[in-house]
Amino acid sequence: TFTKDGRFEFTFNGFTMDMAVAQGTMKVVYGGKDTGTWKRTGAGQYVITGLKAGVSAKATVEMSGIHMNVPMDYQAALQPNTAFSCSGDVIQVQTPYGEIQLDRQQ
């Protein structure tokens with residue numbers, strides 16, 4: 001949720017990402033709430049600042065029928081300023097490690 005006064009709130013209630021990895025699949029489940037401020041920089045670009053992370057993430061990997069927990073520090077992965085662009089069903093996030101693109105699926 002983004003408010004007109006520049007505040008935002010991201011709520012994750014079991015938000016799950018399934019990813020293919022070299023020899024299996026990885027599942028990351030997010031829960032909690034992040035808050036902060038945002039501002040528009042032009043042409044559909046937005047910058048998030050003042051992030052207060054309250055989300056936790058649990059990652060597991062399945063390889064050859066074996067399930068393993070993967071240590072994951074969601075807080076450490078967050079950057080103080082992150083730029084993103086939204087267009088329809090796609091969000092592109094620029095991070096110091098590269099670009100992430102998420103597509104909405106039904």
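Mentor: Residues are numbered from 1 along each chain as its sequence is written. In this predicted model, local features need pLDDT of at least 70, side-chain atom pairs count only at pLDDT 80 or more, while totals for chains, interfaces and linings use all residues, and side-chain values use heavy atoms, with hydrogens and water left out.

Trainee: Why is lysine 58 called exposed?

Mentor: Its relative accessibility is 53%. Buried means under 20% relative accessible area, exposed over 50%, and partly exposed in between (1.4 Å probe, protein chains only), so lysine 58 counts as exposed.

Trainee: And what makes threonine 3 partly exposed?

Mentor: Threonine 3 has 25% relative accessibility, so it counts as partly exposed. Threonine 3 lies in the segment before β1.

Trainee: How do you know that β1 and β2 pair?

Mentor: Strands are DSSP runs (E, at least two residues; helices are H or I, at least four), numbered from the N terminus. Two strands pair if DSSP finds at least two bridges between them. β1 (residues 7–21) and β2 (residues 24–42) have 14 bridges, in the antiparallel sense, and therefore they meet that definition. A hairpin of two residues joins β1 to β2.

Trainee: What makes the link between threonine 3 and aspartate 5 a polar contact?

Mentor: Their side chains are joined at 2.4 Å. A polar contact is a pair of N or O atoms within 3.5 Å; within protein, one must be able to donate a hydrogen and the other to accept it, and residues adjacent in sequence count only if both atoms are side-chain atoms.
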